[in-house]
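Subject: Structure handover, cavities and pockets

Hello,

Here is the structure for your files. My notes on its pockets and cavities follow below.

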Amino acid sequence: MSDSRVPQQVRVMTTARLHMGFLDLNGGLGRRFGSMGLALEEPALAVGVRHAQEWAATGEGAERVLRLARDFAAGAGLSGAAALQVESHIREHAGLGSGTQLALAVGVALCRLQGRDMPLAEVAALCGRGARSGIGIGAFERGGLLLDGGRGARTQVPPILARLEFPAEWRVLLVHDRIATGVHGGQEREAFRALPEFPAAASAEICRRVLMQALPAVAERDLAKFGEAIYAIQCLVGDYFAQAQGGGRYTSAAVGEVLEWLRGQGVACVGQSSWGPTGFAVVESAAAAQSLREALSLRHAGQPHVEFGISRARNRGSEITEQYEGGRAVRGAVN
């Protein structure tokens, strides 16, 4: 294309998120799900797109990316083709929101490549994202600690009800099990069909913990109270999902053992992100996270599939770079 108003290339960088638990799996008030989650700085995903004569994709998961791109372009009424390159990726089916982040990155990049500024909610709907949680969409757009309102009868994408800046000094210790995968796709749909009704009293307890403990604790930088709330929510939700994830509170027994060890060391805030297998712990500083990672690496030296990472919260949205003729680059956040 020669139109100088249309970029020649677009690159979108976005990051993983933690899903810390559902608010209301009972649905007796007319809305179901609702969730709380946190955008992370790492791991990150980056996708570049450029105009091309034919559709093509390279990098990790190229076939999936190509399918996403073609389906989105057809649904959005975009003309022409594009070449896509996956520069970095988030592991699939690990509970870190890779599917939503990839779909949104591809959709936004293709729209920007053709000079279209489509609202993110429309991009998400065309990609089929936001079926149960709006946290991934909110993380892509704004980052931070997020609360969404679940799905009602008329909901297209679950609305973000609250967003808080997460303390910059706190760190998230990630616990990975490289040989396990979380429930996903058809398994997830079947799990929700097969599970018994979630007790209304448990939903009420979760909502109280979120509104009157977790959110105020973040606002006041009280990690102990935040951890108390998250652990209580994780116990209620994890035990409910146990029959769908192998019989335990955590999908990976190895990750569960690590989290219980961390609790024994005085770490208040531990849990599993979404269906797992990735576990997390929030600690007060980078030094504390590094010390725990070193201890855990020694403790689990005989389990090479169990790995540990450190991230901080991401308090901003995804980044977009648009490259125009003459080498001019325009960078900014998705919002």
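**Pockets**

The largest pocket has a lining of 41 residues, and those nearest its centre are Arg 17, Arg 129, Glu 188, Ser 274 and Trp 275. Two or more lining residues come from each of β1 (9-24), α2, α4 (135-141), α5 (186-194) and α7 (223-241). Of these, β1 gives the most, with five residues. Please note that the model is predicted. The volume of the largest pocket is about 910 Å³, and its lining divides into 11 nonpolar, 21 polar and nine charged residues.

The second largest pocket holds about 220 Å³. It is lined by 15 residues, with Gln 9, Gly 48, Val 49, Arg 50 and Gln 85 closest to its centre. Here β4 provides the largest share of the lining, four residues. By class, this lining has six nonpolar, six polar and three charged residues.

**Cavities**

The search of the whole structure gave two cavities of 30 Å³ or more. The largest has a volume of about 110 Å³, and the residues lining it include Glu 60, Arg 64, His 89 and Glu 92. At least two lining residues come from each of α1 (62-76), β4 (81-88) and α2 (98-113). The classes are five nonpolar, four polar and three charged.

The second largest cavity contains about 50 Å³ of space. Among its lining residues are Trp 55, Leu 78, Leu 110 and Gln 114. Both β4 and α2 supply at least two residues of this lining, which has seven nonpolar, three polar and no charged residues.

Regards

Notes. Residues numbered from 1 in each chain as written. Predicted model: local features only at pLDDT ≥ 70, side-chain atom pairs only at ≥ 80, totals over all residues. Heavy atoms only, no water. 1 Å grid on protein atoms, 1.4 Å probe; cavity = no way out; pocket = protein on both sides within 12 Å on 5 of 7 lines; lining within 4 Å. Points joined across faces, edges and corners; volume = space filled by probe spheres on them. Nonpolar A, V, L, I, M, F, W, Y, C, P; charged D, E, K, R; others polar.
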